[in-house]
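Trainee: Please take a close look at a single part of this model. I would like one connected account of its surroundings.

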Amino acid sequence: LDGDSALPNGESIDTVALNSVAGVDVNTASNVGSYADEIEITGQAGSNGFSAGNYDLSYVTGDLVVNQRAVTLTASQQERIYGDAIVLDNTAFTVTDLDGDSVLPNGEVIDTVALNSVTGIDATTTANVGGYGDEIEITGQSGSNGFNASNYDLSYLTGDLVVNPRAVSLTASQQERAYGNTIILDETAFTITDLDGDSALPNGEVIDTVILNSDAGGDVGAYGEAITITGQSGSNGFSASNYDLTYVAGDLVVNPRAVTLTALPQDQIYGDTLVLDETAFTVTDLDGDNVLPNGEVIDTVTLSSVMGVDITATSNVGAYADEIEITGQSGSNGFDENNYILTYVSGDLIVNRRALTLTALPQERAYGETLVFDVTAFTVADVDGDAVLPNGERIDTVTEISATGVAAATTAEVGTYAEEI
């Protein structure tokens, strides 16, 4: 009554009975705002001799204020692959409610958030591999089940955007060499398989060459996965650190070496047979000389006479073209015919005339008469020193003449005319 807050006689009103007129106090769905005269007093309790009957009590209502609820929205980390753009996932976020969990009151839900890439990393395909801290920011949200942003004191925490290496496979292509030759591996012999299945890298980047290595053996054959890739070089902005590079080995094929064996011409004498000389041949190597690789040697060849002229004593004199054929060979110093493509060129067999000596025997006549030559008066000396011709052949008679005509000259004087017949 006197304007202060002290009751007389030391009496005290300790508590009042309060009521929320519209039930805002228990309605968790009441929106943020000030509800005027919402709190009414309906009674009181006192002490130190307080009795309500001694007082004319007036009750004045009070306001009930609903404040915003503190909620934190945190953008989750998102990832993309180098060379690709990303559409930010608007459901990639977490909710931290006032009470520490992720559940909003009244079943309300924040379904999506509006996201933005601060420096545009989401759309920049040339952004290098790495973690871009605080790159994803939240700029708004959308909810359901009665969610109203004005009822919340929303705090936005940024998230990271991670650019991961792009998976690319480099496959060494098959390469070939001839047996006995070394090979300078072709550093452009490879294929690219990009993440999306084609051979094109993003941003026009190019892998120009690869570093190749091979430790394959020497014999003819296919050496699976013998060519390995150990590195690469590129252009147009290519950086290996932006890629997860997988190397696939390729095959090395060692092909047979082309070598030509040519049988040399051989001679035999009419009436004799011939043992073909197996060393009578030439070698023409792939590079044009007669030297095989690795010190290998073809020592002999197997020869055959196509029509058997070599063993036919009755073969007439003449040149038998391509009569000597090569049918095989034998080598040393590691020579293996499986490492070669051997081409055989035939040679000629020549049958030469047989040397014979026919010697006219001395003949006699009487002075004053003519001489009828004895055509059987001669001797035969064969090339082998006897008088026997090959194949049972014989010279039965010879044609003889008198060198100076003594045989028919009846006036030729008595005497010996040397070498006259």
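Mentor: The side chains of asparagine 242 and asparagine 128 are joined by a polar contact of 3.0 Å; the term covers a pair of N or O atoms within 3.5 Å, where within protein one must be able to donate a hydrogen and the other to accept it, and residues adjacent in sequence count only if both atoms are side-chain atoms. This is a predicted model, in which local features need pLDDT of at least 70 and side-chain atom pairs count only at pLDDT 80 or more, while totals for chains, interfaces and linings use all residues. Residues are numbered from 1 along each chain as its sequence is written, and side-chain values use heavy atoms, with hydrogens and water left out.

The side chain of asparagine 242 also reaches the backbone nitrogen of valine 129, at 2.8 Å. Leaving aside neighbours within four places in sequence, the residues in contact (heavy atoms within 4.5 Å) with asparagine 242 are Tyr82, Asn128, Val129, Pro165 and Arg166.

Asparagine 242 sits in the loop between β15 (221-235) and β16 (243-248); strands are DSSP runs of E, at least two residues, numbered from the N terminus. β15 belongs to an open sheet of 4 strands with mixed pairing, in the order β12-β17-β15-β14. β12 (175-178) and β14 (206-214) each have a single partner strand, so one side of each lacks a neighbour in the sheet. β15 and β17 (residues 250-255) run antiparallel, joined by 4 bridges; pairing requires at least two DSSP bridges. Isoleucine 227 stands opposite glycine 250 in β17.
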